[in-house]
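Subject: Structure handover

Hello,

Here is the structure we talked about handing over. The sequence and model come first, and my notes come after.

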Amino acid sequence: MNAQSTALESALAQYTQKGELYETLPNGKARCFACGHRCLIPEGRPGVCKVRFNEGGELRVPFGYAAGLQCDPIEKKPFYHALPGSSAMSFGMMGCDFHCLYCQNWLSSQVLRDSNAAASLHPISAREIVDLALRYGARFVTSTYNEPLITSEWAVSVFRLAKEKGLRTSYVSNGNATPEVLRYLRPWLDMYKVDLKSFRDKEYRKLGGKLETVLDSIRRLREMEFWVEIVTLCVPGLNDSEGEMREIAQFIASVDRNIPWHITAFHEDYKMRGIGRTRGETLLRAGRIGKEAGLKFVYVGNLPGYAPEWENTYCPKCGALLIERNGYFIKKNSMHKDACPQCGERIAGVWE
């Protein structure tokens, strides 16, 4: 470990409190339930995420700071079926339980693993985050940027106050969850975006996880009646084959045909370079595969204007244009509460 990481770990240790998602075991060990790794953590050591650590048999977890704080369009998360045109006060911390080579937030998520990463720690209270959301007119508070599962105690402290003020709450996550953490989150969390990165366990293990854990999480999220949207970053040569896209689409349809599937274009980032951007034709092929699998809502993203019809929401029954988008901008919203104004079909989502 380099001096920079050691200094940062020491600083982060000052912004912790006793965790709630763990059990104590003999010999001073702790079993963490925050993510699918279920780390067995000896005294004096951190878990895989490097931000949850065992101090004298007590699990200490991140609390009371932000490494990222910004008011974003809810469509940027992306949630397309949630109060279109609204803003989300987005907050994030440091660390991750995965180590994706193409991470777009690697400066904060990988800062404890990679000496080239750098992120700043800004002390802040949960109430200050909620007050900022209200001041900026946001209707959501969203835990994002790093992996929110590993900082769930902090997120819940923010979400409790947000709920008191009538705000909605959401996670932008890799979906590497446990039943315990989802039960813990359920009273305070409304919406959950899952990155379904591949349909090959071999690829997931390279990222630091297991495919079946993520699939189980998606099933459980819908059983627990979270609003769920799924994103697949279409990476050339990694997960963009017709066969794999078809398997992803069929899996989502088997869980719930109303789950929106966002298929987004890869651009070179972090340690994955030299393979080029995703071709537009590849995204459109994946979009058609999603429709053929029976998914009612399929979106193609990260190429605004390339295929505008794939950015919009249409009624799955009569085909009426309900929400017209250009990137994150809502050009037209014809929804009547939660239904199509032409045929009355109810549209799944979080509406007025």
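This is a predicted model: local features need pLDDT of at least 70, side-chain atom pairs count only at pLDDT 80 or more; totals for chains, interfaces and linings use all residues.

Strand E11 covers residues 140-143, and both of its faces are covered. Phe140 and Thr142 lie on one side, Val141 and Ser143 on the other, and all of them are buried. Strand E9 (residues 87-92) pairs with E11 in the parallel sense, over four bridges. Within that pairing, Ser90 has Thr142 as its bridge partner. E11 is also joined to E12 by four bridges, and these two strands run parallel. Here the bridge partner of Thr142 is Ser170. Ser170 itself sits in strand E12. Is Ser170 buried or exposed? Its relative accessibility is 0%, so Ser170 counts as buried, the cut-off being under 20%. Leaving out residues up to four places away in sequence, Ser170 touches Phe79, Val141, Thr142, Ser143, Phe159, Leu189 and Met191.

Met191, one of the residues touched by Ser170, has Trp227 in E14 as its bridge partner. E13 and E14 run parallel and are joined by five bridges. E14 also pairs with E15 in the parallel sense, over five bridges. In that pairing, Leu233 stands opposite Thr264 in E15. Eight of the eight residues of E14 are buried. Trp227, Glu229, Val231 and Leu233 make up one side of E14, with Val228, Ile230, Thr232 and Cys234 on the other, and both faces are covered.

Three strands, in the order E2-E3-E4, form an open sheet with antiparallel pairing. Strand E2 (22-24) and strand E4 (40-41) are at the edges with a single partner strand each, so one side of each has no neighbour in the sheet. Strand E3 (residues 30-32) is joined to E4 by two bridges in the antiparallel sense, and Arg31 has Leu40 in E4 as its bridge partner.

Another open sheet has three strands in the order E17-E18-E19, again with antiparallel pairing. Its edges are strand E17 (313-314) and strand E19 (329-333); each has a single partner strand, so one side of each is left without a neighbour in the sheet. E17 and strand E18 (residues 321-326) are paired over two bridges, in the antiparallel sense. Tyr314 stands opposite Leu321 in E18.

Nonpolar cores

In soluble globular proteins, nonpolar side chains tend to be buried together. In this model the largest nonpolar core has 93 residues. Leu185, Tyr192, Leu196, Ile230 and Trp261 have the most contacts inside it. Helix H4 (residues 152-164) gives the most to this core, with seven residues. Leu185 is in contact with Leu149, Ser152, Val156 and Tyr171, leaving aside its neighbours within four places in sequence. Another core, of 12 residues, lies apart from the largest one; among its members are Ala320, Ile323, Ile347 and Trp351.

The largest pocket has a volume of about 1,100 Å³. Which residues are the closest to its centre? They are Lys77, Gln104, Asn105, Lys193 and Asp195, out of 44 residues that line the pocket. By class, the lining has 18 nonpolar, 17 polar and nine charged residues. At least two lining residues come from each of strand E8 (68-73), strand E12 (168-173), strand E13 (191-195), strand E14 (227-234), strand E15 (261-265) and strand E16 (298-301).

Cavity

How many cavities of 30 Å³ or more does a search of the whole structure find? The search finds one. The largest cavity holds about 60 Å³ of space. Its lining consists of Cys32, Ala34, Cys35, His37, Cys39, Ile41, Gly47, Val48, Cys49, Arg52, Asp97 and Ile150. These divide into eight nonpolar, two polar and two charged residues.

Regards

Note on methods. Residues are numbered from 1 along each chain as its sequence is written. Side-chain values use heavy atoms; hydrogens and water are left out. Two strands pair if DSSP finds at least two bridges between them. A nonpolar core is a set of buried Ala, Val, Leu, Ile, Met, Phe, Trp, Tyr and Cys residues joined through side-chain atoms within 4.5 Å. Buried means under 20% relative accessible area, exposed over 50%, partly exposed in between (1.4 Å probe, protein chains only). Contact means heavy atoms within 4.5 Å. On a 1 Å grid over the protein atoms alone, a cavity is a set of points where a 1.4 Å probe fits but cannot get out, and a pocket is an open set with protein on both sides within 12 Å along at least five of seven lines; lining residues have an atom within 4 Å of a point. Grid points are joined across faces, edges and corners, and a volume is the space filled by probe spheres set on the points. Ala, Val, Leu, Ile, Met, Phe, Trp, Tyr, Cys and Pro count as nonpolar, Asp, Glu, Lys and Arg as charged, and the others, Gly among them, as polar.
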